[in-house]
Amino acid sequence: MLLLLLGIIVLHIAVLVLLFVSTIVSQWLVGHGHATDLWQNCSTSSGNIRHCFSSSTNEWLQSVQATMILSIIFSILSLFLFFCQLFTLTKGGRFYLTGTFQILAGLCVMSAASIYTVKHSEWHLYSDYSYGFAYILAWVAFPLALLSGVIYVILRKRE
């Protein structure tokens, strides 16, 4: 049982790290000396000089920012609730509340990545950009967060 709990905690922390990195790092779209993320557009010119400007104020980009932040908040809240329920839940009880918040985190990151996928072409008109690793990490965090949430819902507390 202890090994199972440790595995679940490691999975949850891995999801949290993926969510933080994908939200913070400036690598959602990359190409030709440009890198963009949810917060700023950066370009490298003449060597190592990097110029960064604030991202657009499009409503869709703000919704992506908000859902990514919500996914982090839900995941942190889920981890906190897991530890609280671990010590207060009666024997045989299930971690429904923890699982619900983790599934919500997964759905939020899926919504953010989907909106970005559909709408980024309005923001960047050039087709020579490619998706960066932070965008891919957001998509990797989605199924892991859902899996973690489902495991929490199925999990029963034992001694």
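**Fold and helix packing in a predicted model**

Among contacts in the protein (heavy atoms within 4.5 Å) between residues at least 6 apart in sequence, 72% join residues at least 24 apart. The structure is a predicted model, in which local features need pLDDT of at least 70 and side-chain atom pairs count only at pLDDT 80 or more, while totals for chains, interfaces and linings use all residues. Residues are numbered from 1 along each chain as its sequence is written, and side-chain values use heavy atoms, with hydrogens and water left out.

The protein has four helices and five strands, taken as DSSP runs (H or I, at least four residues, for helices; E, at least two, for strands) and numbered from the N terminus. From that terminus on, the elements run α-β-β-β-β-α-α-β-α. Of the 159 residues, 43% count as buried, that is, under 20% relative accessible area with a 1.4 Å probe and protein chains only.

Helix H1 (residues 2–24) and helix H2 (residues 59–88) pack at an angle of about 160°, with their axes 9 Å apart; the axes are lines fitted to C-alpha atoms over the stretch in contact, and angles run from 0 to 180 degrees between N-to-C directions. H1 and H2 are therefore roughly antiparallel to each other, a term that applies to angles over 145 degrees. Residues of H1 including Leu5, Ile9 and Phe20 meet residues of H2 including Met68, Phe82 and Leu86.

Helix H4 (residues 133–154) has 22 residues and reaches 32 Å from its first C-alpha to its last, close to the 32 Å expected at 1.5 Å a residue, where the expected span is 1.5 Å times one less than the number of residues. Buried residues in H4 include Ala134, Phe142 and Tyr152.

Notes: Buried means under 20% relative accessible area, exposed over 50%, partly exposed in between (1.4 Å probe, protein chains only). Angles under 35 degrees count as roughly parallel, over 145 as roughly antiparallel, 65 to 115 as roughly perpendicular and the rest as oblique.
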